[in-house]
Amino acid sequence: MDFELTKEQKLLRKMVRSFAENEVAPLAEEIDRTGRFPAETIAKMTELGLMGLNVPKEYGGQGLPDTCKIIVVSELAKACASTAEAFAVQMLVNFIIKKFGSEEQKREFLPRACKGELGVFALSEPSAGSDPSSIRMTAEEDGDSYVLNGQKTFISNLSETEGDFIVVVAVTDPEKRQHGGMTAFLIDRKTPGVSVGTIEDKMGIRAACVSELLLNDCRVPRSCVLGSVGEGFKVAMGGLDSGRVGIAAQSCGIAEAALKEALKNAVTRVQFGKRIADQQGIQFYLADMATRVETAYLMTYKAAALLSEGKRAGKYSSMAKYYASETANYVAQKAVQIYGGYGYVRGTAIERIFRDARVLTLYEGTSEIQKIVIAREIIREAEGGFVE
Ligand SMILES: Cc1cc2nc3c(=O)[nH]c(=O)nc-3n(C[C@H](O)[C@H](O)[C@H](O)COP(=O)(O)OP(=O)(O)OC[C@H]3O[C@@H](n4cnc5c(N)ncnc54)[C@H](O)[C@@H]3O)c2cc1C
């Protein structure tokens, strides 16, 4: 067991931390206020090779494992949660293509990801959020093609201008649904029939673009099937094992940023003739916050290490996502408390962090859904299955 980052990981962290502090943090307040997607930051991250971080070298990427993704997502999230969100989604889409894509799909789309084109993962629908087995989007076979029709909702990295290629899950056999009746497709944004509906106006991560995806008689060749026909549920859930670790890392970064803000105020604000950091009541808050942040990081790195080693990680990625996202909300809430009224004012970093944290227990599976996954796994283990 080794709790130290490797020399290469430390170098990566140093590089990304400096980038996040100098290029990402200065934009955070403005892009939160205006809701502008930071395309220029994505361009700079592309130059640094970050958008292909988890893409194998043979397709133009860095070929780095999930543990490195944690470093990058958390460092970005400390500076700007919206930028971290865009990057985390890119890592999720890259991971899915790498794991389930055909050689032809990998050769076409992974180099495009490395060049800064944005990937999109479209599973949720207006009537299918926590329960993706109830999706309604259809993909009907027609000769050598499939014709997709339906609506996806809350889709990240998608707007009128953003989003270049899309992993989308549709029903190919309504009788079987998640048991072999759903299929994933990898389609180009420019395919006729693809359009964007409502662009969401969000409470937090305001600069991350999140929109409706509309597919209307969208005809794609059979070669767009990602994985096998009928494997769509497996593709989506397999992707989320990695995606959830990404959101856990985003949560760790946001929680750390909130703790830092709280400490900044606690050591400078004087009431009753002394710093509020010298009040034991405040110290207890700070100790709980710091302990939870540390625990969240440990759980996130453990899940990422299992994924990097190709081991079963579903239980641990759900635990990390559940714990870290709840931690980010706990720490952000306490940080506002420690800030007092000044933390409630628009334009302060802690007010933005508080709003940004709120989504973490919702997307890529709510906290309730993570608990369902964890409970299902530990019960199966108790019954003698799935133990490593
Ligand atoms: C900013 C943002 C970005 C997103 N990006 C994407 C994206 O890129 N791609 C994508 O596909 N989706 C995306 N989503 C959708 C997201 O994954 C869903 O919002 C999430 O899965 C929850 O679904 P829902 O909103 O429909 O809530 P619902 O499923 O309606 O849940 C409502 C409440 O009921 C609870 N609940 C539901 N079922 C149970 C149960 N069995 N037991 C106990 N409680 C239950 C939930 O936990 C929740 O508290 C995004 C969402 C947001 C807000």
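Domain 2 and domain 3 have their C-alpha centres 29 Å apart. Their contact involves 16 residues from domain 2 and 11 residues from domain 3. On the domain 2 side of this contact there are nine nonpolar residues, six polar ones and one charged one. Please keep in mind as you look around that this is a predicted model. Below is a short tour, starting with the domains and moving on to the ligand, some helices and a few single residues.

**Domains**

- The domain assignment of the protein sets domain 1 at 7-117, domain 2 at 120-232 and domain 3 at 233-382.

**Around the ligand**

- The ligand is surrounded by 20 residues, and the closest are Gly129, Ser130, Ser156, Thr366 and Glu368.
- By kind, the residues of this shell are 11 nonpolar, six polar and three charged.
- Strand 1, strand 3 (145-156) and helix 10 (367-382) each contribute at least two residues to the shell.
- Which element gives the most to the shell around the ligand? That is strand 3, with three residues.

**Helix 5**

- Helix 5 covers residues 103-114, which makes 12 residues. From its first C-alpha to its last it reaches 16 Å, close to the 16 Å expected at 1.5 Å a residue.
- Phe109, Leu110, Ala113 and Cys114 are the buried residues of helix 5. They sit on the same side of the helix because they cover an arc of only 140° around the axis.
- Turn to the other side of helix 5 and you will find Glu104 and Arg107, which are exposed.
- The buried residues of helix 5 pack against helix 4 (81-100), and also against strand 1 (119-122), strand 4 (165-171) and strand 5 (182-188).

**Helix 2**

- In helix 2 (residues 39-47), the buried residues are Thr41, Ile42 and Met45. Viewed down the axis of helix 2, these fall within an arc of 100°, so they line one face of the helix.
- The face turned away from that buried side carries Glu40, Ala43 and Glu47, which are exposed.
- What covers the buried residues of helix 2? The cover includes helix 1 and helix 4.
- After helix 2 comes glycine 49, with a positive phi near 85°.

**Helix 9**

- Helix 9 (residues 349-357) has Ile350, Arg352, Ile353, Phe354, Asp356 and Ala357 as its buried residues.
- These buried residues pack against four helices: helix 1 (7-34), helix 4, helix 6 (232-266) and helix 8 (314-339).

- Most residues other than glycine have a negative phi. The two residues below are worth a look with that in mind.
- Phenylalanine 154 is not a glycine, yet its phi is positive, at about 55°. You will find phenylalanine 154 in strand 3.
- Is phenylalanine 154 buried or exposed? Phenylalanine 154 counts as buried because it has 21 C-beta neighbours inside 10 Å, and the cut-off for buried is 20 or more.
- Isoleucine 205 also has a positive phi, of about 30°, although it is not a glycine. This residue is found in the loop between strand 6 (194-199) and strand 7 (210-221).
- Isoleucine 205 has 29 C-beta neighbours inside 10 Å, so isoleucine 205 counts as buried.

**Valine 196**

- Where is valine 196? Its place is in strand 6.
- Valine 196 counts as partly exposed because it has 18 C-beta neighbours inside 10 Å.
- Between valine 196 and valine 120 there are 12 Å in space, C-alpha to C-alpha, while in sequence the two are 76 residues apart.
- Setting aside neighbours within four places in sequence, valine 196 is in contact with Leu158, Ser159, Glu160, Ser211, Glu212 and Leu213.

Note on methods. Residues numbered from 1 in each chain as written. Predicted model: local features only at pLDDT ≥ 70, side-chain atom pairs only at ≥ 80, totals over all residues. Domains from an automatic or database assignment. Contact = placed C-beta atoms within 7 Å. Nonpolar A, V, L, I, M, F, W, Y, C, P; charged D, E, K, R; others polar. Expected span 1.5 Å × (residues − 1). Buried ≥ 20, exposed ≤ 12 C-beta atoms within 10 Å, placed from the backbone. Arc of directions from axis to C-beta. Near = placed C-beta within 6 Å.
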